[in-house]
Amino acid sequence: MALEFGLGSVEWAPWSGTSWLCLLLVGLIYVSYSYELRVKAHGKKVAAEGASPKAKSLEEPLIRAEQGYGATGPKAPAGGMVVAGIVLDADKVVEVMRVGVLCFWMVLCSMAIIYTNAWILDNMCPHAATLTAIQQGFGAVMAALCVFVFKLSEPVEGMSAGPYCKYILPLSLCFTVYLWGSNAAYIYLAPGFVQMIKPMGSAIVFLVATALGLEEYSHYKAVNFLLICAGIAVTAYSKFDGSLSADGSSQNLVTVGLVVLIGAYTVVAFYNTGLQMLQKRGVVAGRFNPMTTLLYIAPATTLSMAAFAAATEWSRPDFQCFDKLPLWLLALDCGVAFVFNLSMMLFIGKLSAVAYSVFAFFKEICLVVVAFLLFSENITRCEIEGYFVTLVAVVVWQHRKLAGN
């Protein structure tokens with residue numbers, strides 16, 4: 001990938017229909033969340049009025065904090081202060097700082113893996129499945145060294161062939177199917193159209209997590225999540241050239257491509273929620289952490305990805321991957337992938353699969369800003385408007401989490 005260092009340019013366009021749409025979406029975000037806060041405050045007030053005197057004394061600080069949202073001089077509970085409706089005590093401040101550091105680290109890891117992979121795939125080894133298999137194999141070896149040699153973590157108690165085949169193998173197969181489906185979709189669909197329907201994947205994650213009981217459903221959260229996806233859809237629309245199919249001719253290809261892409265999004269939703277279930281629910285006697293999760297998943301993923309690469313890439317007569325790829329760069333790429341996979345599992349384990357989907361939108365905005373400031377990436381007014389809608393919706397989502405709504 002040839003990178004041109006420098007400041008990008010903004011392609012300003014006249015006020016258009018998408019501008020009005022973004023303005024409407026921001027208004028919907030404000031109205032929906034304001035209504036949610038009022039309903040929550042009213043519910044707590046009614047509950048406190050019907051409670052015993054002792055219960056009233058316990059609920060009163062929370063009601064004052066909720067009513068103080070947007071007002072002057074709210075009274076905070078003892079040991080904390082209220083900022084924008086969020087009760088900030090010592091534990092909450094530490095929580096916010098930890099999440100902030102984790103998000104910042106994930107953005108750095110994402111930038112490193114994206115640019116390193118793009119450089120290798122564009123110039124040296126244009127075989128994604130092969131590169132992914134190597135990365136997963138390296139991750140399996142590193143995780144084994146960290147657990148069995150350096151004793152940084154203990155193996156999971158109770159892990160045997162039965163639980164491994166029941167929980168681990170399906171997740172590795174989900175990852176393989178997702179990689180195949182996300183790549184195969186470009187055979188049937190135009191790249192711009194794929195980007196435009198990409199937010200559907202995050203919506204599927206939300207539905208799967210809700211169905212599995214990993215995420216508590218509410219109409220307010222569903223609306224907020226849809227508005228996040230709408231902002232990304234507006235951004236993707238700016239890159240859409242009107243072509244649906246890859247060759248611009250057969251509409252049957254569009255149907256096939258949509259089925260493949262939605263299937264890929266569905267299996268990766270089960271993959272992400274499965275990682276969350278492994279770390280938060282006791283599927284065996286012991287408990288999984290990010291290191292042990294990678295320890296058990298990476299070998300199975302390596303084998304499935306190697307089989308996929310053998311069927312799709314190694315059989316080609318023009319297969320070349322290591323002629324131009326230096327060993328030090330491959331080792332660097334594998335190290336970056338190991339850190340990224342470990343960080344992703346930590347993120348999902350500490351927060352949730354839905355939170356990771358929401359963070360992916362924020363991460364995309366950060367990557368676009370970095371590309372604009374450093375790598376001469378040009379952006380349009382429509383992209384800026386769509387990213388602004390997404391950013392506002394993400395802030396509201398995070399505010400809801402921190403405020404306990």
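What follows is a working chat about the cysteines, the nonpolar cores and a surface patch of a predicted model.

Trainee: How many disulfides does the structure hold?

Mentor: One. In this predicted model, Cys-125 is joined to Cys-321, with an S to S distance of 1.8 Å.

Trainee: Left-handed or right-handed?

Mentor: The torsion about the S-S bond of Cys-125 and Cys-321 is about -90°, so the disulfide is left-handed.

Trainee: Where do Cys-125 and Cys-321 lie?

Mentor: Both are in loops. Cys-125 is in the loop between helix 3 (90–123) and helix 4 (128–149), while Cys-321 is in the loop between helix 10 (290–312) and helix 11 (327–350). The pair therefore ties together parts that are 196 residues apart in sequence.

Trainee: Is Cys-125 buried or exposed? And Cys-321, buried or exposed?

Mentor: Cys-125 is buried, at a relative accessible area of 0%. Cys-321 is buried as well, at 2%.

Trainee: Changing topic. How many residues has the largest nonpolar core?

Mentor: It has 53 residues. Those with the most contacts inside this core are Met-106, Tyr-271, Leu-275, Met-344, Phe-347 and Tyr-356.

Trainee: Which helices each supply at least two residues of this core?

Mentor: Helix 3, helix 4, helix 5, helix 9 (252–280), helix 10, helix 11 and helix 12 (353–374).

Trainee: Take Leu-275. What is it in contact with, leaving aside neighbours within four places in sequence?

Mentor: Leu-275 is in contact with Leu-171, Thr-293, Ile-297, Met-344, Met-345 and Ile-348. Met-344 is also on the list of residues with the most contacts inside the largest core.

Trainee: What lies apart from that core?

Mentor: Another core, of 44 residues. Its members include Cys-22, Leu-25, Val-194 and Ala-393.

Trainee: Now the surface. Which residues make the nonpolar patch of about 610 Å²?

Mentor: Val-141, Leu-145, Phe-148, Val-149, Phe-150 and Leu-152.

Trainee: Where does Leu-152 lie?

Mentor: In the loop between helix 4 and helix 5 (161–188). Leu-152 counts as exposed, because its relative accessibility is 61% and the cut-off for exposed is over 50%.

Key. Residues are numbered from 1 along each chain as its sequence is written. This is a predicted model: local features need pLDDT of at least 70, side-chain atom pairs count only at pLDDT 80 or more; totals for chains, interfaces and linings use all residues. Side-chain values use heavy atoms; hydrogens and water are left out. A disulfide is a pair of cysteine sulfur atoms within 2.5 Å. Helices (H or I, at least four residues) and strands (E, at least two) are DSSP runs, numbered from the N terminus. Buried means under 20% relative accessible area, exposed over 50%, partly exposed in between (1.4 Å probe, protein chains only). Patches are made of residues with over 30% relative accessible area and no salt bridge: like charges are joined within 9 Å, nonpolar side chains (Val, Leu, Ile, Met, Phe, Trp, Tyr) within 5 Å. Accessible areas come from the Shrake-Rupley method with a 1.4 Å probe; for residues, only the protein chains shown count as cover. A salt bridge is a side-chain nitrogen of Lys or Arg within 4 Å of a carboxyl oxygen of Asp or Glu. A nonpolar core is a set of buried Ala, Val, Leu, Ile, Met, Phe, Trp, Tyr and Cys residues joined through side-chain atoms within 4.5 Å. Contact means heavy atoms within 4.5 Å.
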